[in-house]
Amino acid sequence: MYLCFLNYLNMIGSINGFSKLNKEEKINWIAKTYLNNQETVVDLIKQYWNSDEELQKLHDEFIENTITNFYLPLGVAPNFLINDAWYTIPMVIEESSVVAAASKAAKFWADRGGFKATILNTEKIGQVHFIYKGDKAKLEQFIQDIQPAFFEDTLSITQNMQKRGGGILSINLRDKTQEIPNYYQLHVTFETKDSMGANFINSCLEQMATTLKQQALTNAAFSEEESAIDVVMSILSNYVPNCVVRAEVSCPVEALQSSEIQDPVLFAEKFVQAVRIAEIEPFRAVTHNKGVMNGVDAVVLATGNDFRAIEAGVHAYASRDGQYRSLSHASLTDGIFKFWIDLPLTVGTVGGLTSLHPMVKIALQMLQKPSATQLMQIIAVAGLAQNFAAVKSLTTTGIQQGHMKMHLMNILNQFKATDEERMKVVAHFEKNVVSHSAVVELLETLRK
């Protein structure tokens, strides 16, 4: 089997100059090499092109080697009351029940005072990693002496950001020689206002690295070896424990009563227990936090931000004390139920896709053109709402009841159900438990 696989790989071979082919040529090569020249597949790929050539060209140039568009649904979750203002939140996600759950949680809390969101800090971080072989005291004095040079040499990069109230906040030396011999960092903090700031931060760091090396070469206090500072790399960090937003809901415990919550005290106690389990049990915490990120990522994608960076930073934050824990917390104290979350988020509302992607522009307009800090609050609320809906389901009806009913449409689409079949299947599962096998069995019965 392995030899057959190797022969197959050898038969495929490699291709030189693929990036120089036009889109049609790339598709034809893929069809010939991997798809046995299936015209139906090629036609399907082309069906996803936009008929507006200029719009398609815009999408083609977002990344390299584009052959088509890959669609994900853009849905909306209305009725979010955040800091006494109403929002309809755009969400891009493929998973059924997420938008419905967020909308349901929004309506639930709108009737109980809504969500509160607060920015705790907006500090972002970048680092210059370097090797220095010599006297630590001399290095510390050197870094202190050249602080003005760091700011002066980056002025051409920072001046526009400074006009908006941002820029470089601090530059500190960090000694990491206990972990790696001769390894030090310049740990730099930034304020980037309404931009996510990755390009800005990286440009500043690279200039600082240049300044560091040049200044070291002419520093009279250094020996020849000490002056030969070796910069390993200069790069922003996606871990931003001081760029944090808090979202929360609270109400008297009796106000939790609803058609689904007959005993609000019992519900609150069980809910708090469920969150507490996620705080101390990593296996539960991962799934718990995945639910949070269902809401977070959906809004991040809709607004053209970097969900991979946010995922990495959020999960690092969840592990900041050495164990992976729940991002959200709940309490029941003196008759008050409270549920809250702190999230490290780096987002932008200017630059990047925010000014290019037509759907991103619409999403930001739908959110009333928020600043970066306002968008942080909206995203955190979406994560908290999604998490509330999930834990509420888990501790009352169970997660599968609502999820499988939303998943029903996907199963029907998979088996190409007719409109008549859909009506009968949906009616049947109004009173029956949905499962994949049960849907298939019913369809087979109807088709006989």
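Predicted model: local features only at pLDDT ≥ 70, side-chain atom pairs only at ≥ 80, totals over all residues.

Residues are numbered from 1 along each chain as its sequence is written, and side-chain values use heavy atoms, with hydrogens and water left out.

**Helix packing**

Helices here are DSSP runs (H or I, at least four residues), numbered from the N terminus. Axes are lines fitted to C-alpha atoms over the stretch in contact, and angles run from 0 to 180 degrees between N-to-C directions.

| Pair | Angle | Axis separation |
|---|---|---|
| H12 (residues 282-302) and H13 (residues 307-318) | about 150 degrees | 10 Å |
| H12 and H15 | about 135 degrees | 7 Å |

Start with H12 and H13: their angle makes them roughly antiparallel (over 145 degrees; under 35 would be roughly parallel, 65 to 115 roughly perpendicular, and the rest oblique). Their crossing is right-handed, that is, the near helix is turned clockwise from the far one by less than a right angle. On the H12 side, the contact (heavy atoms within 4.5 Å) includes Met293, Val296 and Val300, and on the H13 side it includes Phe307, Ile310 and Val314. By class, this contact has 8 nonpolar, 2 polar and 2 charged residues. Nonpolar covers Ala, Val, Leu, Ile, Met, Phe, Trp, Tyr, Cys and Pro, charged covers Asp, Glu, Lys and Arg, and the others, Gly among them, are polar.

H12 and H15 are oblique to each other, again with a right-handed crossing. Among the contact residues are Gly291, Gly295 and Val299 of H12, along with Ala382, Gly383 and Leu394 of H15.

H11 brings Phe267, Lys270, Phe271, Ala274 and Val275, while H15 brings Phe388, Val391, Lys392 and Thr395. Those residues divide into 6 nonpolar, 1 polar and 2 charged.

On a 1 Å grid over the protein atoms alone, a cavity is a set of points where a 1.4 Å probe fits but cannot get out; a pocket is an open set with protein on both sides within 12 Å along at least five of seven lines, and lining residues have an atom within 4 Å of a point. Grid points are joined across faces, edges and corners, and volume is the space filled by probe spheres set on the points.

The largest pocket holds about 1,400 Å³. Its lining counts 39 residues, with Phe62, Gly304, Leu353, His357 and Val360 nearest the centre. H4 (53-60), H9 (198-217), H12, H13 and H14 (358-366) each give two or more residues to that lining. The lining has 20 nonpolar, 17 polar and 2 charged residues.

There is 1 cavity of 30 Å³ or more. The residues lining the largest cavity include Lys124, Met196, Leu236 and Thr346.

**Two loop residues**

Most residues other than glycine have a negative phi. Gln368, in the loop between H14 and H15, has a positive phi near 65 degrees. Lys369 lies in the loop between H14 and H15, and its phi is positive at about 50 degrees.
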